[in-house]
Amino acid sequence: MKSLIKPLAVGSFTAPNNVWLAPMAGITDGPFRALCLRGGAGVVCAEMVSAHALHYENPRSLRMLSISEREKPVSMQIFGSDEQTIAEAARAAEARGADIIDINAGCPVKKINRAGAGCVLMKDPVHLGRLVAAAVKAVKVPVTLKTRISLKRGKLLGDEIAKIAESEGAAAVLMHARAAEDVHAGEPDLDALAKVCASVKIPVLGNGGIDGAAKAQQFFDAGCAGLLIGRAAVGNPYLFRDIAQELAGEKPQPLDNQRRTEIYLALIEENIAHYGEKIGVGRSKKTAGYWLRGFPNAAEVRGKFVRMEKLSDIKSLFSSLTF
Ligand SMILES: Cc1cc2nc3c(=O)[nH]c(=O)nc-3n(C[C@H](O)[C@H](O)[C@H](O)COP(=O)(O)O)c2cc1C
């Protein structure tokens with residue numbers, strides 16, 4: 001049997017494997033990216049950064065593109081609406097060590113859409129193609145496009161967009177198999193995804209609701225060359241390894257709840273080392289719901305944790321967990 005999990009050539013870059021971490025603003029920062037690479041992700045995607053903010057050398061945006069070797073291979077995602085700023089932002093990301101530059105054409109957040117970026121770019125595929133071409137021309141590293149199968153449920157657009165992206169030089173398409181109007185809810189539309197996969201020769205990495213080997217298999221059956229995993233990896237960063245093992249016919253040993261919370265505590269400590277105690281604890285709390293679930297006193301511990309500010313308190317709280 002041919003293995004489904006394997007290295008993936010994306011233009012001039014070959015990823016060690018084809019199961020990647022999806023970009024998630026507020027979550028896929030340096031410490032979490034490094035953790036997911038340890039958990040078997042082939043490539044990790046950074047949080048989206050505004051091309052406009054990079055143009056003005058916004059310090060926070062520049063910091064978001066500061067990466068260390070243990071966070072590689074990394075794809076850096078930019079969002080914007082005009083060719084010049086997209087080209088500049090692509091160059092800035094390349095200069096900071098991106099292995100891949102990704103353009104966001106799938107985000108449904110109003111603030112991003114009002115600036116003409118994210119999923120509204122799908123309304124004008126020709127303009128979107130020009131943005132891809134501008135980034136491709138600006139950098140040596142491969143450029144990918146993350147988009148969606150449609151804006152409205154049932155009205156496929158992803159195939160047309162993928163074809164334009166391919167013709168303008170994109171090295172791969174990262175395709176969220178949900179309509180923009182569904183944001184992140186509901187089942188992925190695998191029939192629509194299959195049509196997208198059949199429409200281009202460049203790799204399509206499918207995304208949406210992948211939480212284990214069975215779902216992963218369905219995405220490969222739809223014709224995907226690779227997968228992007230989002231929320232299911234938050235709180236379970238070794239899911240990449242587990243899926244690879246299960247699809248290879250091996251028996252994975254998923255992290256148990258005790259090990260998951262140990263890893264969470266280590267991540268909280270890393271976040272504190274990275275951002276300082278106040279911000280590090282604050283960022284860690286955002287994902288508490290993902291990490292602290294599935295054991296008897298999880299809800300109670302989560303309730304106490306979100307009111308805490310000091311690592312010492314958090315440590316003693318975590319020692320009271322029962323599994
Ligand atoms: C909190 C959160 C933040 C996200 N931020 C981004 C982002 O910055 N860029 C992007 O392309 N997608 C973003 N997404 C979408 C994910 O990349 C992914 O497409 C989506 O979560 C579906 O995958 P999943 O069902 O595996 O979670 C975000 C999703 C979530 C839940």
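Which residues are exposed on the other side of α11? The model examined here is predicted. In it, helix α11 covers residues 257-275. This helix has 19 residues, and at 1.5 Å a residue they should span 27 Å. The C-alpha atoms at its ends lie 26 Å apart, which agrees.

One group of residues in α11 is buried: R260, T261, Y264, L267, I268, N271 and I272. They cover an arc of only 140 degrees around the axis, so they sit on the same side of α11. An α-helix has 3.6 residues a turn, so residues three or four places apart point the same way. Several elements cover the buried residues of α11, including α1 (30-38), α12 (277-286), α13 (288-291) and α15 (311-318). On the other side of α11, the exposed residues are Q258, A266 and A273. After α11 comes G276. The phi of G276 is positive, near 90 degrees.

A helix pair was also examined. Two packed helices are described by the angle between their axes and the distance between the axes. Helix α4 (residues 83-95) packs against helix α6 (residues 125-138) at an angle of about 35 degrees. Their axes are 8 Å apart. The crossing of α4 past α6 is right-handed. From α4, the contact is made by E83, I86, A87, A90 and R91. From α6, R130, L131, A134, A135, K137 and A138 take part. By class, this contact of α4 with α6 has seven nonpolar and four charged residues, but no polar ones.

Terms used:
Residues are numbered from 1 along each chain as its sequence is written. This is a predicted model: local features need pLDDT of at least 70, side-chain atom pairs count only at pLDDT 80 or more; totals for chains, interfaces and linings use all residues. Axes are lines fitted to C-alpha atoms, for helices over the stretch in contact, and angles run from 0 to 180 degrees between N-to-C directions. Helices (H or I, at least four residues) and strands (E, at least two) are DSSP runs, numbered from the N terminus. A crossing is left-handed if the near helix is turned anticlockwise from the far one by less than a right angle, and right-handed if clockwise. Two residues are in contact if their C-beta atoms, placed from the backbone, lie within 7 Å. Ala, Val, Leu, Ile, Met, Phe, Trp, Tyr, Cys and Pro count as nonpolar, Asp, Glu, Lys and Arg as charged, and the others, Gly among them, as polar. The expected span of a helix is 1.5 Å times one less than its number of residues. A residue is buried if 20 or more other C-beta atoms lie within 10 Å of its own, exposed if 12 or fewer, and partly exposed in between; C-beta atoms are placed from the backbone. The arc is that of the directions from the helix axis to the C-beta atoms.
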